[in-house]
Amino acid sequence: MNDNIHGYYLEAGQIAAKVRNDALPKIKEGISLLDIAQFVEGTIKDMGAEPAFPCNISINEIASHYTPQDHQACFRKGDVVKLDIGAHIEGYIADTAATIEVGTQNHNLLIHTCEDALEKAIRYTKDGVETNQIGKVIEDTIKERGFNPIKDLTGHNLEQYQLHAGITIPNYKSFFSHTIKKDMVFAIEPFATYGRGNIKTGKPFIFAIINRCKGIIADDLKGRFGSLPFAPRWAPGTDLDELKGAREYYELIEKDGEIVAQSEHTVIVNEEGCEVITRLGK
Ligand code: MN
Ligand code: MN
């Protein structure tokens, strides 16, 4: 990886880490989800990066892909909140997430287990390692404490302007595997739940323009967001009903309706291990 690209990743990573850490303590009972999303997205821009996707704020059994549309929804006492944010510079993306509980401490073990699974997976990750062995580390850590990993959701490699660039890191010892190599960039993101760990989909709140999208609206959105995900609130005045063929990111919900925790860091693989770019203070 050349020094310029490495520099972009480090900067995007530090911005994402700072914004994540600053946003988490603002999540309190009665605060609107949109206030937090706007803080995250606005601060990423103020710090000189761009949001790589709309701030995801997914609560309780919703594992991922919810982003607020307006100020209606507020945090409630006892909510288990996954804050998942992405920042990019010149398309080099840092993707990170953390889980907190609003005003109660009923799910500390679930949340800490997920964090431990991520830490162990990071320590295991280096040039030459198999993705399904990283998955095994995650699965074993989560199952040891009596929870289940969400098998339907995975980590993923990142490339310029590509959030999911084709290689996945499973959250269990899957049959399919891939050998990871030096300089590959991965988001590792275990999810842990009290449920069986399967996913059903909800509604789409996040969209992306892909090649099959044609027309003036698609061209306009493509010019603004490229092929990265966006929320309708990022394009006020645009009639998205007129947009055909966009990729829809459906809400991802634990099938048993059980609470889910998520932890995520972005890493750059090297020969000795990996460099965690979304850990603050590098
Ligand atoms: Mn993420
Ligand atoms: Mn991710």
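Author: A donor is an N, O or S atom within 2.8 Å of the metal (3.2 Å for Na, K and Ca), and sites may look incomplete, since water is not among the atoms. This is a predicted model, in which local features need pLDDT of at least 70, side-chain atom pairs count only at pLDDT 80 or more, and totals for chains, interfaces and linings use all residues. Residues are numbered from 1 along each chain as its sequence is written, chains are lettered from A and ligands numbered from 1 in the order in which they are written, and side-chain values use heavy atoms, with hydrogens and water left out.

The manganese ion (ligand 2) is held at 2.1 to 2.2 Å by Asp95 (OD), His156 (NE2), Glu189 (OE) and Glu264 (OE). Along the sequence, these donor residues follow the spacing D-x60-H-x32-E-x74-E. The manganese ion (ligand 1) is 3.2 Å from the manganese ion (ligand 2), and Asp95 coordinates both. Distant parts of the chain are linked here: His156 belongs to strand 7 (residues 155-157), whereas Glu264 sits in the loop between strand 13 (260-262) and strand 14 (265-269), 108 residues apart. Helices (H or I, at least four residues) and strands (E, at least two) are DSSP runs, numbered from the N terminus. Burial is judged by relative accessible area: under 20% is buried, over 50% exposed and in between partly exposed (1.4 Å probe, protein chains only). His156 is buried, with a relative accessible area of 1%, and Glu264 is buried, with a value of 1%.

On a 1 Å grid over the protein atoms alone, a pocket is an open set of points where a 1.4 Å probe fits, with protein on both sides within 12 Å along at least five of seven lines, and lining residues have an atom within 4 Å of a point. Grid points are joined across faces, edges and corners, and a volume is the space filled by probe spheres set on the points. The largest pocket has a volume of about 330 Å³. Strand 12 (residues 247-254) gives the largest share of the lining, 3 residues.

Aromatic contacts complete the surroundings. Rings of Phe, Tyr and Trp (its six-membered ring) pair if their centres lie within 6.5 Å; planes under 30 degrees apart count as stacked, over 60 as edge-to-face and the rest as tilted. The whole structure holds 8 aromatic pairs. One of them, Tyr8 with Tyr92, is stacked, at 5.8 Å centre to centre and 10 degrees between the planes. This pair joins helix 1 (residues 3-23), which holds Tyr8, to strand 5 (residues 92-101), which holds Tyr92, 84 residues apart. Tyr8 is partly exposed, with a relative accessible area of 30%, while Tyr92 is buried, at 10%. The ring centres of Tyr66 and Phe205 are 4.8 Å apart with the planes at 75 degrees, so this pair is edge-to-face. Tyr66 lies in the loop between strand 3 (62-64) and strand 4 (80-89), and Phe205 in strand 11 (residues 199-208), 139 residues apart. Both Tyr66 and Phe205 are buried.
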